[in-house]
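Work through the exercises below with the sequence and the structure open. Try each task before reading its solution.

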Amino acid sequence: MSMPSQMRFVDLPSFGAPDVMTHATGPCPSARSGEILIKVEAAGVNRPDVAQRQGNYPAPKDASPILGLEVAGEVVALGEGVTEFAIGDKVCGLSNGGGYAEYCVVPAGQALPWPKGYDAVKAAAVPETFFTVWANLFQMAGLTEGESVLIHGGSSGIGTTAIQLAKAFGATAYATAGSKDKCDACEKLGATKAINYKTEDFAEVIKAETDGKGVDVVLDMIGASYFEKNLSVLAKDGCLSIIAFLGGNMAEKVNLSPIMVKRLTVTGSTMRPRTADEKRAIRDELLSEVWPLLEAGKVSPVIHSVVPFDDVVEAHRLMETSSHIGKIVMKLG
């Protein structure tokens with residue numbers, strides 16, 4: 001197909017509130033070695049996008065400075081050495097940047113075919129949360145059948161994904177959320193118990209629910225303000241996996257003795273700095289272990305709202321209210 005030389009994208013001329021973002025026109029990217037070029041039909045909106053817009057999550061030096069970490073659309077060009085995809089394939093992918101645009105390059109090892117029966121919007125809601133949850137909850141924290149996990153932010157994109165995957169692989173999931181509606185949504189997705197952190201002490205509830213044993217894993221996006229309580233609710237040989245710092249990254253006057261007494265592991269990661277090989281390994285496991293669940297309807301991305309590309313400012317405002325349950329997706333065209 002004939003490729004345009006220019007495309008529309010979301011520009012970030014300065015850091016700040018959502019309304020610093022504007023739409024602009026600029027050069028269409030080209031697929032380099034090992035990359036595919038996708039004509040974007042839908043793009044996910046995620047917390048890291050908000051952090052980047054605020055100036056707190058800079059793009060890697062070799063990545064596009066344009067916002068956007070997950071897209072779905074059609075492959076329109078192949079970089080040198082790419083053999084696993086063909087022109088015209090419908091794919092979704094974890095980009096290193098550049099997703100808020102009409103065209104986006106994605107490393108081939110970070111792209112996946114749309115699950116059968118999916119459209120662009122549904123496919124675009126998958127990569128960022130599923131890569132993150134698989135890497136942190138299953139690869140790093142080692143959650144397995146018969147174990148239990150406490151998932152903070154259970155109604156978020158990450159949380160709704162983690163609850164479903166934990167249940168699908170035979171684990172018991174508990175979750176925290178900030179309203180009755182959000183707690184009800186978590187339990188509907190498979191959480192054994194959802195705890196309203198605004199009215200209940202999650203540590204006390206977890207201890208009661210587990211007869212004092214605690215959970216094997218905590219998946220945490222809060223950070224400092226939950227650190228000590230997270231240690232207290234972990235069972236022996238448990239693992240705290242930290243993926244964000246919505247409650248701060250500086251923990252002070254924390255009793256660290258549970259780490260030694262209970263032989264705990266504290267770990268964490270961000271996705272963007274991982275190497276291409278690491279992301280490909282996550283991709284490959286998703287294809288073999290999770291794609292069959294998506295295609296069978298046993299697991300599905302939860303989509304709160306779909307907004308037009310022109311309404312990116314409103315999408316970010318919605319994200320910052322934390323009133324959504326599941327994913328926010330922008331639709332192009």
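A residue is called buried at under 20% relative accessible area, exposed at over 50%, and partly exposed in between, with a 1.4 Å probe and protein chains only. Helices (H or I, at least four residues) and strands (E, at least two) are DSSP runs, numbered from the N terminus. The model is predicted: local features need pLDDT of at least 70, side-chain atom pairs count only at pLDDT 80 or more, and totals for chains, interfaces and linings use all residues. Residues are numbered from 1 along each chain as its sequence is written, and side-chain values use heavy atoms, with hydrogens and water left out.

**Exercise 1. Helix H10**

Task: find the buried residues of helix H10 (residues 312-321), and name elements that cover them.

Solution. 
- Step 1: Val312, Val313, Ala315, His316, Leu318 and Met319 are the buried residues of H10.
- Step 2: go on past the end of the helix. H10 is followed by Ser322, which has a positive phi near 60 degrees.

**Exercise 2. Helix H3 by itself**

Task: describe the bend of helix H3 (residues 127-140) and say how many of its residues are buried.

Solution. 
- Step 1: the bend at a residue is the angle between axes fitted to the seven residues ending there and the seven starting there. For H3 this gives about 25 degrees at Trp134.
- Step 2: of the 14 residues in H3, 12 are buried, and the helix is mostly covered.
- Step 3: among the buried residues are Phe130, Phe131, Trp134 and Asn136.

**Exercise 3. Two neighbours of H3**

Task: describe how H3 packs against helix H4 (residues 157-168) and how its axis crosses that of helix H9 (residues 276-295).

Solution. 
- Step 1: two packed helices are described by the angle between their axes and the distance between the axes. Axes are lines fitted to C-alpha atoms, for helices over the stretch in contact, and angles run from 0 to 180 degrees between N-to-C directions.
- Step 2: H3 and H4 pack at about 55 degrees, and their axes are 9 Å apart. H3 is therefore oblique to H4. The cut-offs are under 35 degrees for roughly parallel, over 145 for roughly antiparallel, 65 to 115 for roughly perpendicular, and oblique for the rest.
- Step 3: on the H3 side the residues are Glu128, Thr129, Phe130, Thr132, Val133, Leu137 and Phe138, and they meet Gly157, Ile158, Thr161, Ala162, Leu165 and Ala166 of H4. Sorted by class, this contact has eight nonpolar, four polar and one charged residues. Here Ala, Val, Leu, Ile, Met, Phe, Trp, Tyr, Cys and Pro count as nonpolar, Asp, Glu, Lys and Arg as charged, and the others, Gly among them, as polar.
- Step 4: the axes of H3 and H9 come within 10 Å and cross at roughly 100 degrees, so these two helices are roughly perpendicular to each other. Residues making the contact include Phe131, Trp134 and Gln139 of H3 and Ile282, Arg283 and Leu286 of H9. The division by class is nine nonpolar, one polar and four charged.

**Exercise 4. Single residues**

Task: decide whether Ser155, Thr160, Asp211 and Leu37 are buried or exposed.

Solution. 
- Step 1: Ser155 lies in the loop between strand S8 (148-151) and H4. With a relative accessible area of 6%, Ser155 is buried. Beyond four places in sequence, Ser155 touches residues including Thr160, Lys182 and His324.
- Step 2: Thr160 belongs to H4 and counts as buried at 2% relative accessibility. Its contacts beyond four places in sequence are Gly154, Ser155, Leu189, Val302 and Gly326.
- Step 3: Asp211 is in the loop between helix H6 (202-209) and strand S11 (215-220). Asp211 counts as exposed at 75% relative accessibility. Although not a glycine, Asp211 has a positive phi of about 55 degrees.
- Step 4: Leu37 is in strand S3 and is buried, at a relative accessible area of 3%. Leu37 and Asn136 are 99 residues apart in sequence and 28 Å apart in space, C-alpha to C-alpha.

Definitions and conventions:
Contact means heavy atoms within 4.5 Å.
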